[in-house]
Amino acid sequence: MNASRPHLRLGPRALVRTLAWLRLTAIAGQTIAVLVVAYGLGIPLPQLQLFAGIGVLSVFAAFAAWRLGRSWHVGEAEAVAHIAVDTLVLGYLLYHTGGAANPFVTLMLVPIALAAAALSTRGVAAVATLAGLAYLLLMRWSVPLPHLQAAGYGGFRLIVIGMAVNFAIAALLLGVFAARLAGALRAQQDEVQRVRERALRDEGILAIATQAAGAAHELNTPLSTMRTLLTELKRERGSDAALDEDLELLAGQVERCRGILREMASFGKMQLTQTPERTTLGAFVHDCTERFRLLRPEAEASVEIGEGDAALPLRVQPGLRHALINLLNNAADASAQNDSGRVGLLARRERGWIELRVRDQGPGFTEDPRNATMLGHSRKHDGLGLGLALAEATAERLDGELSLGHAPDGGAEICLRLPLSAVGDRT
């Protein structure tokens, strides 16, 4: 599908689901109509034949409901088959109640209108052809209604009343179900827009990752040179205590940079092999917070794990640990804006999901939180706008979601939710 031009067809499954609700309405309406005409107006009708047709439609409605409960693909041919059954049953009922002279014959136009919103031109043509053939057959063959004058009713007046009821029913059905289809269309367009935004974001992340890989490869050489020079300086100027302390600090920073580069290379290999790490929720959270404390020793991280959830086995996919550390690091930066170093992490199992909630003591979101996950968008003056975008990309890759909001006691709360089916260790 072209992301710049969203396809406006709703698809066969949406049509079949709409027809299922419409079919239930038709069964109720047809039953009431037969009872009112036969017993309320006293007009003789072939009730056995009519209720037999309504019964067939009821059985098919039960089958359609069961079918929609399955995850099988719904093709266009199947959608046309559902419309064919509805049209044939309606034609059968009209055959026993006057055929084309029955005012309700125009209800055959409703499936055509719905098909036009969900099927291709070929599918719409098939539905229109079927309805047209049924109408032509009803013009030629049908069981005429009893003479209404003999029954004590003005024939023309009763037909006008039937046309008015038919118009009201058609207007109601088209209005309600066309609105449902329009709502599905808007939802589909929103999803296309989200897919387009994700594609643009992923392209940006890929470009940044490519540049980062090249930079990591090039940085290895100057870091090795710096490490060698620092060793020589420490040997030559070892008598200067103040300088020796600074050199020790620089050597530690160089080793830290080399460690980050090694970790990047290891993460790249894991990403290529897609090998998950088997651990538990408690061990995963502990490892992430320990790494975070090494990066931000000034931060005060409080960790809470749901009761009985620490031993929950996990399969940690590549990138998940970095995503959580990025969220903790962002929370520490936000808290620092209010001269606080407090950061909270809550990890728990919520039904079929794993929730990782990170809270800060910062100013919270001053704009729409959804904008915060845009690539390159940052609330920090020196930020790159990568942390939340990478975390959201990781969540989506694992069929999860990243939600942003305001914490109850002030600040911001970011929730990373992942399905157990994606990160749980079933072994």
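**Salt bridges in the predicted model.** The structure holds 14 salt bridges. A salt bridge is a side-chain nitrogen of Lys or Arg within 4 Å of a carboxyl oxygen of Asp or Glu. This is a predicted model, where local features need pLDDT of at least 70, side-chain atom pairs count only at pLDDT 80 or more, and totals for chains, interfaces and linings use all residues. Residues are numbered from 1 along each chain as its sequence is written, and side-chain values use heavy atoms, with hydrogens and water left out.

**Close-up of Glu78 and Arg67.** Glu78 forms a salt bridge with Arg67, and the closest N and O atoms are 2.9 Å apart. The pair links distant parts of the chain, 11 residues apart: Glu78 sits in helix H3 (residues 76-95), Arg67 in helix H2 (residues 47-68). Helices (H or I, at least four residues) and strands (E, at least two) are DSSP runs, numbered from the N terminus. Glu78 is partly exposed at 22% relative accessible area, whereas Arg67 is buried at 5%. Buried means under 20% relative accessible area, exposed over 50%, and partly exposed in between (1.4 Å probe, protein chains only).

**Close-up of Asp287 and Arg321.** The closest N and O atoms of this salt bridge, between Asp287 and Arg321, are 2.5 Å apart. Asp287 lies in helix H8 (residues 281-295) and Arg321 in helix H9 (residues 320-336), so the pair ties together parts 34 residues apart in sequence. Asp287 is partly exposed, with a relative accessible area of 25%. Arg321 is buried, with 11%.

**Close-up of Arg417 and Glu401.** Their side chains meet in a salt bridge (2.7 Å, N to O). Arg417 is in strand E7 (residues 412-419) and Glu401 in strand E6 (residues 401-406), 16 residues apart. Arg417 counts as buried at 17% relative accessibility; Glu401 counts as partly exposed at 37%. Both belong to a network of salt bridges that also links Arg348, Glu355, Arg357, Arg359 and Glu413.

**Close-up of helices H4 and H5.** The axes of H4 (residues 109-118) and H5 come within 9 Å and cross at roughly 175 degrees. Axes are lines fitted to C-alpha atoms, for helices over the stretch in contact, and angles run from 0 to 180 degrees between N-to-C directions. H4 and H5 are therefore roughly antiparallel to each other (angles over 145 degrees). Pro111, Ile112, Ala115 and Ala116 in H4 meet Val124, Val127, Ala128 and Ala131 in H5, with contact meaning heavy atoms within 4.5 Å.

Note on methods
Parallel < 35°, antiparallel > 145°, perpendicular 65-115°, else oblique.
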